[in-house]
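Open your viewer and keep the selection tool at hand. We will go through one chain, then cross to its partner.

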Amino acid sequence: MPLDPSFAGRTWPPTEPYLVGREKIREFARAIGADDAEYHDPAAARALGYADVVAPPTFPIVVTMAATGQIIDDPELGIDYARVVHGDQKFEYAGRPVVAGDSLVCVNTVEEIIQRSGHDFITTRTDVSTESGEPVVTAWSKLVQRGQEQ
Amino acid sequence: MNGELPPQTYRVTRTDLIRYAGASGDFNVIHWSDRLASKVGLPGVIAHGMFTMALAGRAVTTWAGDGGTVVQFSVRFSRPVPVPDTDEGTEVEVSGVVKEVTDDGLTRIAITATCHGEKVLTLATATFRKR
């Protein structure tokens, strides 16, 4: 069944704050094989002018993907996650990277839902800011729900 | 600053996908079960698109010299990266070309990422601020 296009334009209430931990950043950096000092060593990060270890540029997906559970897990929308593959991804930073100690709040919006060649395409936008309201990064994800095998 | 990122080759194995699943929280079955991946029409387990994007990010940030300077990063996942259940797994190669350096200190890079010679990312660009 195609995804309900009336979900487009819908915005959800802000998520509970996600506290970015130093060890989580290190764990993520290790998982992508990134051993650059600013991801692991607080002193190295401070020497570059950051408050604490820096998260790699794709790290916000950890926070935004959990947040978009609001959309993905909505039974009314009815996404079958096993049939979902990632189409596009974009991050735009407001002026600084995510660093350990950030407490991040996400606001999710469905920007678009379309159907093409039997597949459903859903584009979500997640605006990520600190609990005190400083914009940090915006993430756009286009997900493709593959059509059922004929 | 040179106009090209030297090509980087990254090996990707099932172990890497398991580790990435745990670190990122993306436990989609298509990244660890051949049985369930095949069921939805995939050739078998495929890498997380975000894992491939992270490898492209590594190539950029290592070259930029500071992982915190990225202001924009976007990709299209043009084809999946199948990761066979072997010791060797597969390889992703990432290279890039500087497309633009603006007066206000931004460098925009067009990224190429391939697996077995085929592009796995298209429309892949990263912009970072010069320190």
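A residue counts as buried if 20 or more other C-beta atoms lie within 10 Å of its own. Keep that in mind, and remember that this is a predicted model.

**Stop 1: chain B.** Select chain B. Of its 131 residues, 42% are buried. Now show the cartoon. You will find three helices and five strands. Follow the chain along its sequence and the pattern reads β-α-α-α-β-β-β-β.

**Stop 2: the overall shape.** Stay on chain B and show its C-alpha atoms. They fill a box of roughly 50 × 30 × 25 Å along the principal axes. Next, look at contacts between residues at least 6 apart in sequence. In chain B, 60% of these join residues at least 24 apart.

**Stop 3: where the chains touch.** Show chain A as well. Here 33 residues of chain A are in contact with 34 residues of chain B. On chain A, select α1 (22-31), α3 (60-67) and β2 (84-93): each supplies at least two residues of the side that touches chain B. Which element gives the most? β2(A) does, with eight residues. Colour that side of chain A by residue class, and you get 19 nonpolar, five polar and nine charged residues.

**Stop 4: strand to strand.** Finish by picking A:K90, which stands opposite B:S74 in β2(B).

Notes
Residues numbered from 1 in each chain as written. Chains lettered and ligands numbered in written order. Predicted model: local features only at pLDDT ≥ 70, side-chain atom pairs only at ≥ 80, totals over all residues. Helix = DSSP H or I, 4+ residues; strand = E, 2+ residues; numbered from the N terminus. Buried ≥ 20, exposed ≤ 12 C-beta atoms within 10 Å, placed from the backbone. Contact = placed C-beta atoms within 7 Å. Nonpolar A, V, L, I, M, F, W, Y, C, P; charged D, E, K, R; others polar. Pairing = 2+ DSSP bridges.
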